[in-house]
Structure formats: structure tokens, C-alpha cells
Amino acid sequence: MSSDTISINKLPVAEEFYSVQGEGMNVGTAAYFVRLAGCDVNCPWCDSKETWAVNKTQYVDIEDITNRAMKSESCNVVITGGEPLMYNLDNLCESLEKQCLSIWLETSGSHPLSGNFDWITVSPKKNKPPLDEVLEQASELKMIISNENDFLDAETYSKKVPAECALLLQANWENFETANALIFDYVLKHPIWKISLQTHKILKIK
Ligand code: SF4
């Protein structure tokens, strides 16, 4: 179904939940998560495959999303997916912003940027590389590392983000121990990078 046929004040939501940011520079911070449905990136190791398909029953009013986010104890809202930038996020951000919520985005960067965010995490994926216009707005660059070749992509993208952007290396969960050993050595040799751990998976929380 094309999102063009749906009201611009509705977005497809796979799930919403209140938890703690498990990874990246905001790790450990409570936030309300809005996981949008739909992704066209198709990473083979994706741990959110249930979000790839979209159906029309998932479309909900932006106002309702905002109301639920406001009722959480945190003033932080994470817009994630799926790939949230498949949709125009201007109206959602405007609605959240009116309530003085801090809005964080998690994206592969493979679609044009829309919306206005307080924090942008760009996590590039091989199947659909990020656009320069998204990299240029990144607050943190989070590279998923499976093998040594992935460090080449990390270095390439690190040259396209702002100077103040945090540079993070995170192990692919499917080969966590091997990848973490590579990352550990790499960070010692290239200390501009930091290790990012998926603490929500280690703690077995959502
Ligand atoms: Fe999964 Fe994210 Fe890749 Fe989409 S971009 S396939 S949600 S890991």
C-alpha cells in the first residue's frame, strides 16, 4: 500500500513502548519509543524483521502518538523503525515539539531527511547506503561491525559527518564476540572511535 493514499497526519506504527535507550551516546536514558512499520533496506541480520511489512490497520493519528508519548515519565521520544525516513516526519516532529518533547531519530540514512530532531543517529547499512544530506546532520554515526572490511565503510562515512558527531562501533549481534574483539583492537588504534554496546540485549530488556 502506498503511504501517499493515507492522511499526512497518520503514520504506520509497529509498536510503541516506554523503556531505556540501550545503545549509543544516550545509553541508559529513559525514553518513549515509537517504532514505525516499513523498511526497504533488507539487512539479512535485521532483528526487527517484523517491522518490514506495513498494513493499513497500523496507521495511527500523529496526535494520538504524541498524547501517549506525553503520558510517559520521560521527555525523550525515540523515532525508530523499520526505516522511519521512508515517511515524511515533519508533522510528527511538529506535534511532539509543541509539547516540548526531545525528539531523537534512528535511521539508516537511506531516505531524505524530514522532521526536526534534537538527536540523529545514523546507522549506515550496506544494502542501501546513507545519503550525504543525512550524514551531514548526524549527531552520532553508529557503524555495525561484522568483519574487518566494515571498518573501511566506517572511515568513509566518518568523513561526511559533522566534526562534533560521535563515532561509534557496534558489534553485529550475530557474531558479537568476534566482532567485539575486532572493535576493541580498532578503538585502541583509532581512539576517535568509541565502542557501543547493545545493553538492552545484554540486560534482556526491550
Ligand atoms: Fe532492519 Fe534497520 Fe536494516 Fe531495516 S535498516 S532491515 S529495520 S536493521
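## Close-up views of side-chain contacts

**View 1. E23 and K142 form a salt bridge, with the closest N and O atoms 2.4 Å apart.** A salt bridge here is a side-chain nitrogen of Lys or Arg within 4 Å of a carboxyl oxygen of Asp or Glu. The model is predicted: local features need pLDDT of at least 70, side-chain atom pairs count only at pLDDT 80 or more, and totals for chains, interfaces and linings use all residues. Residues are numbered from 1 along each chain as its sequence is written, and side-chain values use heavy atoms, with hydrogens and water left out. Helices (H or I, at least four residues) and strands (E, at least two) are DSSP runs, numbered from the N terminus. E23 counts as buried at 9% relative accessibility, and K142 counts as buried at 4%. Buried means under 20% relative accessible area, exposed over 50%, and partly exposed in between (1.4 Å probe, protein chains only).

**View 2. K126 and D153 form a salt bridge, the closest N and O atoms being 2.5 Å apart.** K126 is in the loop between β6 (119-122) and α3 (132-135), while D153 is in helix α4, so the pair ties together parts that are 27 residues apart in sequence. K126 counts as exposed, at 56% relative accessibility. D153 counts as partly exposed, at 25%.

**View 3. K10 and D61 form a salt bridge, with 3.1 Å between the closest N and O atoms.** Strand β1 holds K10 and strand β3 (residues 59-61) holds D61, so the pair ties together parts that are 51 residues apart in sequence. K10 is partly exposed, with a relative accessible area of 31%; D61 is partly exposed, also with a relative accessible area of 31%. By the salt-bridge rule, the count comes to 11.

**View 4. F17 and F33 form a stacked aromatic pair, 5.0 Å centre to centre and with 5° between the planes.** Rings of Phe, Tyr and Trp (its six-membered ring) pair if their centres lie within 6.5 Å; planes under 30 degrees apart count as stacked, over 60 as edge-to-face and the rest as tilted. F17 lies in strand β1 (residues 10-20) and F33 in strand β2 (residues 30-36), so the pair ties together parts that are 16 residues apart in sequence. Both F17 and F33 are buried. K206 lies over the face of F17, at 4.8 Å from the ring centre; the rule requires NZ of Lys or CZ of Arg within 6 Å of the ring centre and within 35 degrees of the ring normal. Salt bridges that share partners also join K206 with E15 and R35 into one network.

**View 5. F151 and Y186 form a stacked aromatic pair, 4.0 Å centre to centre and with 0° between the planes.** F151 lies in helix α4 (residues 150-158) and Y186 in helix α5 (residues 176-189), so the pair ties together parts that are 35 residues apart in sequence. F151 is buried, with a relative accessible area of 6%, and Y186 is buried, with 13%. The count of aromatic pairs comes to three.
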